[in-house]
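Q: I'm new to this one. Can you walk me through a few spots?

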Amino acid sequence: MNPLRLHWCSPPDTGQAKPTDPYNMGKLDMGEVRDFVQEADELGVDSLLFGISKRLPDPIPVIGALSQVTDRVRFMLAYRPGLMAPPLFAQVVNTLSWMTDGRIALNIVSGTSPAEQAGYGDFLNHDERYARCNEFLEILRGLWEGESPLSYDGQHYMLKDAELGLGYSGGVRPRIYLSGASAVAQQTALALGDCWLRYGDTPEALAQASRPLVEGGCRVGTRMHVLARPTREEAVAELAELVRNPNEDHKEWVRQALSTTDSEAVTSSYKLANSAVDEWLSPYIWTGAVAYRGGPALCIVGSYEEVAQYIYSYKAAGISEFIFSGWPTRDEMRNFFTHVAPLIRRLEAEAS
């Protein structure tokens with residue numbers, strides 16, 4: 001059995017934000033980000049996800065700079081079709097592939113909010129965005145798989161004899177992670193992606209949702225938070241401290257933002273959290289931060305051994321990749337890769 005891939009989310013800032021507080025936006029401290037990424041490199045993090053949003057720095061120049069001060073960690077670039085023409089985007093990614101020595105992957109996101117998309121001049125609805133996403137990926141894969149010159153006549157893109165002088169480093173292409181919970185997102189992942197990426201749930205629920213993807217040969221990954229301590233009692237006590245004096249203004253801001261979304265992934269994650277009993281979806285999944293942080297804030301909580309065992313149980317459910325975050329994110333990354341990841345590797349070794 002292949003080992004689980006354990007990724008981490010590079011935050012918009014590397015500060016000590018509580019799960020119920022807003023991120024400290026409006027600044028970019030490259031010194032802090034560099035230190036965070038270099039520690040991830042040393043800890044053995046597989047990949048770092050760099051998200052895309054109007055509230056975040058653009059991930060492309062940030063990854064380009066960080067590629068020059070790291071040696072092993074991969075970079076997962078989140079990007080949205082429609083912001084850049086496919087040949088130009090392929091050219092950018094090809095350049096990053098040489099700068100990173102092939103340590104680049106793509107997280108293709110079709111957009112979660114029509115209001116935010118409109119700010120970029122994009123007024124397509126949910127299914128139209130996925131139709132464009134299909135065309136976008138068809139062109140990218142054509143360019144990466146040697147179709148040159150490439151012409152394309154689609155509903156959203158038309159190209160005549162597109163060619164790129166700089167190919168992808170090593171003559172291959174980046175791994176493609178396709179985000180979304182809708183049926184059309186799953187279809188796109190099966191047809192044109194390598195891994196379907198969705199927000200978390202229990203192992204049993206994810207097993208049911210991921211079965212068609214796994215049977216179709218597509219990997220499945222999930223995005224969650226984690227909080228692990230030497231004992232469960234310590235983990236739950238730390239959780240209680242983190243949610244003390246929550247920022248209710250931020251909760252209301254998130255609620256207002258939710259009212260504008262047409263994303264099935266986003267709306268279903270809030271419904272899932274609302275269905276939890278006393279904020280616990282299972283003995284190890286806490287939902288209390290979802291109202292402040294959205295779908296990724298479903299959090300696996302427990303002792304080092306409990307968290308390792310619970311994460312490992314997802315493997316039997318067909319989940320092969322995790323993108324984790326924590327509070328505070330750098331401390332939790334260090335904690336996880338020092339104490340929990342080795343236990344997961346031990347479980348995998350014993351099973352094999």
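A: Start with the second largest pocket: α9 gives the largest share of its lining, six residues. Helices here are DSSP runs (H or I, at least four residues), strands likewise (E, at least two), numbered from the N terminus. This is a predicted model: local features need pLDDT of at least 70, side-chain atom pairs count only at pLDDT 80 or more, and totals for chains, interfaces and linings use all residues. Residues are numbered from 1 along each chain as its sequence is written, and side-chain values use heavy atoms, with hydrogens and water left out.

Q: How much space lies in the second largest pocket?
A: About 280 Å³. A pocket is an open set of points on a 1 Å grid over the protein atoms alone, where a 1.4 Å probe fits, with protein on both sides within 12 Å along at least five of seven lines; lining residues have an atom within 4 Å of a point. The volume is the space filled by probe spheres set on the points, which are joined across faces, edges and corners.

Q: Which residues are closest to its centre?
A: Lys251, Tyr270, Asn274, Val290 and Ala291, out of 16 lining residues. The elements giving two or more residues are α9 (248-258), α10 (264-274) and α11 (290-293).

Q: New topic. Where does helix α13 bend?
A: At Phe337, by about 40 degrees. That is the angle between axes fitted to the seven residues ending there and the seven starting there.

Q: Which residues in α13 are buried?
A: Among them are Phe336, Phe337, Val340, Ile344 and Leu347. Buried means under 20% relative accessible area (1.4 Å probe, protein chains only).

Q: What covers the buried residues of α13?
A: The cover includes β1 (5-10), α1 (30-43), β9 (219-229), α12 (304-316) and β13 (321-325).

Q: Now His7. Buried or exposed?
A: His7 is buried, at 1% relative accessible area. His7 sits in strand β1.

Q: What does the side chain of His7 make a polar contact with?
A: The side chain of Glu321, at 2.7 Å, and the side chain of Ser47, at 3.3 Å. A polar contact is a pair of N or O atoms within 3.5 Å; within protein, one must be able to donate a hydrogen and the other to accept it, and residues adjacent in sequence count only if both atoms are side-chain atoms.

Q: And where does Leu66 lie?
A: In helix α2 (residues 59-66). Leu66 is buried too, at 1%. Beyond neighbours within four places in sequence, its contacts (heavy atoms within 4.5 Å) include Met30, Val33 and Phe75.

How values were computed:
Buried < 20%, exposed > 50% of the residue type's maximum accessible area, 1.4 Å probe, protein only.
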